[in-house]
Amino acid sequence: MSPAACSHVNGFKVDNWKQNLRVIYRCFVWSGSAETRKRKAKSCVCHVCGAHLSRLHSCLYCVFFGCFAKKHIHEHAKSKRHNLAIDLLYGGIYCFVCQDYIYDKDMEQIAKEEQRKAWKLQGTCSHLFAPAGIGERYSTWEPTKRELELLQHNPKRRRITTNCTIGLRGLINLGNTCFMNCIVQALTHTPLLRDFFLSDRHKCEMKPNSCLVCEMSQLFQEFYSGHRSPHIPFRLLHLVWTHARHLAGYEQQDAHEFLIAALDVLHRHCKGDDNGKKANNPNHCNCIIDQIFTGGLQSDVTCQVCHGVSTTIDPFWDISLDLPGSSTPFWPLSPGSDGSVVNGESQMSGATTLTDCLRRFTRPEHLGSSAKIKCSGCHSYQESTKQLTMKKLPIVACFHLKRFEHSAKLRRKITTYVSFPLELDMTPFMASSKESRMNGQYQQSMDTLNNDNKYSLFAVVNHQGTLESGHYTTFIRQHKDQWFKCDDAIITKASIKDVLDSEGYLLFYHKQFLEYE
Amino acid sequence: MKMEEMSLLGLDNTKLESIAHEIYSDLVEDACLGLCFEVHRAVKQGYFFLDETDIESMKDFEIVDQPGVDIFGEVYNQWKNKECVCPNCSRSIAASRFAPHLEKCLGMGRNSSRIANRRIASSNNVNKSESDQEDNDDLNDNDWSYGSEKRAKKRKSDKVFLFSLKCFLESLWQPVVSGLYPT
């Protein structure tokens, strides 16, 4: 028997004890509704002195309330030999023989259930203070008996503090494989992904040594092992090339291509974690990759004649943004505005920002007379405008700055500096914002209470050099304001300024606030 | 203190303030009590001291922030002689040359088809020298550059000579060999 329980409860656990205990919890401890609260306030007073606030306890054997502070409950226990009482504030069970609060598994189970019920009730009734559907109350993790044993047998503990190298590790370059190393660094420092793998959530259904998700899991183990020598990701390379043959060839490859290919293979191999849903349909998959990376992009095509809108929503893992300096004109951001703009040249002062790129991405685009769309309202081909907005934002948003131009005429790298922020608010680019703008409501007010669309930068992949030969490095964020530069096997500390001044090729942002679904 | 209903109307500010203060201090006390219960439970259930770390060994993991060394305090570029085992052919390969090796090993990329064609072409010339050539190609990791083709040809003639010599020697040892390794 564990030290927390005591044998004196056995005298209580007879007959209909469970139901009796439930009633006590429901009426006198966890008050879920306004009426039960009133009843508790009125009826729970000490039978000796009438006090209602000095740590009232209820006897478990009879109807008696006594205060703890003035020992009235103790007197009752002694005189009546009723040796168990319950604290009406927090529901703890006190044993007068042990002279301490005890924790009995069965009784705690009942307490937890009643508490959960009361919490749920609170959510629906008091709509003033609690939003509807408050859901589950958060409870901290507690180890199970087996876990406790394991933890006590293995007392050496590693903690990730701000001055700790655990979680950071270099990666050996296997021969121009920096395109892979930079993505691995970004993925291993994605907080939700890290939590998923370190809590061992992957259940593998594939043949041994053929699953990329298992290899990812192994990678996290390597990164958090505390080893200082760089890791050799040869198994990872082998698995990715085996499952994504289109990446064939070891010549200089694109990190963005590798990211998409890797996410795709991981998503396919997550079948075991899918809760039975089909992994083939990207809209209904529930694997960790989809939960973290998949967003929904809404495309609205508006007929210029009848103004009918045709809407489609496509899933995406990343947003590819055009840059000024490419052969497609960047400015103006919307058709007809800012007549002073010359093709391809910016008249705006200051550097281009990520927000500029996003505004361009979500601008209404005139599809010319050569690209008429069949309008179901007009039943004929008409000119139209197309506009992209975000329908659903992923938890991790990856922005790909299209720096590599592969047009028919030229192959070159666009090195235009684009400034990107540490914190990003995606609200202006949401489909819902566009709707309210169209309805005449301007959401210009600082909606600081709406935290849904706020993102924080946590990884930046950079490319140095030319299109033919270059090198990828990554800046990653380990703690709130600690950044590190990952250059293959060399990991060094970096300043926020280093990160924000860098050119930027792939930008990884993480949602700041996560909601329960 | 007995509980009784009272109206808040007609009370002056000081009285209201003292009531508010009373409620506030009750709430603070209750919150503190809650914390006490949490700690008490954690200690009794045995998981309170679980996250104590060993201060001495934590020192090993401190981040180093000095020029010329990485966060582990190591000098740059000292990881030269790492090796790994190819999951495809089980050979031990130098880590920094693993990617080009894997490309050939898996038969991917434009270089591999070139090498494969060359092998097919040369196997029509000399019998049984295929396997020798394969060994040669894998050891010579510079296959993807054009210069090495000449070197490979030269070695081929050496190999033909050695092969003939090997056949001759084998014919001498044949009875002994078959005695040692019965088929």
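Reply: Let us begin with Glu503(A), which counts as partly exposed at 22% relative accessibility. Buried means under 20% relative accessible area, exposed means over 50%, and partly exposed lies in between, using a 1.4 Å probe and the protein chains only. This is a predicted model, in which local features need pLDDT of at least 70 and side-chain atom pairs count only at pLDDT 80 or more, while totals for chains, interfaces and linings use all residues. Residues are numbered from 1 along each chain as its sequence is written, chains are lettered from A and ligands numbered from 1 in the order in which they are written, and side-chain values use heavy atoms, with hydrogens and water left out.

Me: OK, which side chain meets Glu503(A) in a salt bridge?

Reply: The side chain of Lys413(A) does, at 3.2 Å from N to O; a salt bridge is a side-chain nitrogen of Lys or Arg within 4 Å of a carboxyl oxygen of Asp or Glu. This pair links distant parts of the chain, 90 residues apart, with Lys413(A) in strand S16 (residues 411-413) of chain A and Glu503(A) in the loop between helix H14 (496-501) and S23 of chain A. Helices (H or I, at least four residues) and strands (E, at least two) are DSSP runs, numbered from the N terminus.

Me: You mentioned S23 of chain A. Is that strand buried or exposed?

Reply: 6 of the 6 residues of S23(A) (residues 506-511) are buried, so the strand is largely enclosed by the rest of the structure. Leu506(A), Phe508(A) and His510(A) point one way from S23(A), and Leu507(A), Tyr509(A) and Lys511(A) point the other way.

Me: Which strands does S23(A) have bridges to?

Reply: Strand S14 (residues 396-401) of chain A pairs with S23(A) in the antiparallel sense over 5 bridges, where pairing requires that DSSP finds at least two bridges between the strands. In that pairing, Leu506(A) in S23(A) is the bridge partner of His400(A). Strand S19 (residues 454-465) of chain A also runs antiparallel to S23(A), joined by 6 bridges, and here Tyr455(A) stands opposite Lys511(A).

Me: Switching topic, how many residues of chain B are in contact with chain A?

Reply: 55 residues of chain B are in contact with 64 residues of chain A, where contact means heavy atoms within 4.5 Å. Together the two chains bury about 5300 Å², 65% of it on carbon and sulfur atoms; buried area is the accessible area (1.4 Å probe) that two parts lose on being put together, summed over both. Lys44(B), Phe61(B) and Phe72(B) supply 14% of the area that chain B buries against chain A, more than any other three residues.

Me: How many salt bridges does the rule find across the interface of chain B and chain A?

Reply: The rule finds 3 there. One of them connects Arg41(B) with Glu142(A), whose closest N and O atoms are 2.6 Å apart. Lys44(B) also forms a salt bridge, with Asp100(A), the closest N and O atoms being 3.1 Å apart. Lys44(B) lies in helix H1 of chain B and Asp100(A) in strand S5 (residues 100-102) of chain A, so the pair joins two chains. Asp100(A) is partly exposed, with a relative accessible area of 22%.
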